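Hi everyone, thanks for making time.

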Amino acid sequence: MVGVWTIAGTLSPLPVLDRLDLVADPVAAALRSMADGARLAVAEIDPALADTAEFCAHYGSPLSASANCVVVAGKRGDTVRYAACVVLATTRADVNGVVRRRIDARKASFAPMDDAVSLSGMEYGGITPVGLPEDWPVLLSPEVAAAPELVIGSGLRGSKILVPGEVLAKLPTAEVVEGLAR
């Protein structure tokens, strides 16, 4: 699949396993152990353009093919549980409904930036579902899992990963969750 990305716009995708220097360390470790790692590509970008809307406008990649990964923290009593939610950039994750119930929390919200960054080992604005802590569920909207190709973060603001949605659905803690995206 590498080299045949219809969503790349003006990006120059390269096989991600050949350029692990373009991804965060936990992402590189996960990619090395993935059976489908060779199906992913990575492209270097201007870190100032990492935010989805700016990225899509500048590089000509369709917003409908970008998936955002957000870290949610849910609390019940003194227990905090984390989860990653991956939805298309044209939608929002139902944090207070679907996600809160899935992680069995009384209250759920986006994790504080410092927590998301320190716990994931990734840069804010580049957090990706690949390489997250093993005890975090990775909740995918059905649209993400079914997408033939997506642009996601790389763990760094200076690059993006191109990936088929079905590869994300095979991540060890991935779950496709109906109603996740609104």
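Predicted model: local features only at pLDDT ≥ 70, side-chain atom pairs only at ≥ 80, totals over all residues.

The protein exposes about 8,400 Å², and carbon and sulfur atoms supply 51% of that. As for charges, there are 16 positive and 21 negative side chains, with the centres of the two sets 9 Å apart.

Now the overall build. We have 6 helices and 9 strands here. The radius of gyration is 15 Å, close to the 16 Å that the globule rule gives for 182 residues, so the protein is as compact as a globular protein of that length. If you follow the C-alpha trace along its principal axes, it spans about 50 × 30 × 30 Å.

Okay, what about the inside? Buried residues make up 51% of the 182. And looking at contacts with a separation of 6 or more, 67% come from residues 24 or more positions apart.

So which residues touch the most other members of the largest nonpolar core? That core has 39 residues, and the ones to look for are Val23, Leu31, Val130, Leu150 and Leu168. Several elements each supply at least two residues of this core, including helix 1 (25-33), strand 3 (67-76), strand 4 (79-88) and helix 6 (165-169).

Skipping neighbours within four places in sequence, Leu31 is in contact with Val16, Leu17, Leu20, Val23, Gly37, Leu40 and Val130.

One last thing: there's a second, separate core of 15 residues, and among them are Trp5, Ile7, Ala43 and Val151. That's it from me, happy to chat!

Conventions: Residues numbered from 1 in each chain as written. Heavy atoms only, no water. Helix = DSSP H or I, 4+ residues; strand = E, 2+ residues; numbered from the N terminus. Rg over C-alpha atoms; globule rule 2.2 N^0.38 Å. Buried < 20%, exposed > 50% of the residue type's maximum accessible area, 1.4 Å probe, protein only. Contact = heavy atoms within 4.5 Å. Areas by Shrake-Rupley, 256 points an atom, 1.4 Å probe, with all protein chains shown as cover. Lys, Arg positive; Asp, Glu negative; His and termini not counted. Charge placed at Lys NZ, Arg CZ, Asp CG, Glu CD. Core = buried A, V, L, I, M, F, W, Y, C linked by side-chain atoms within 4.5 Å.
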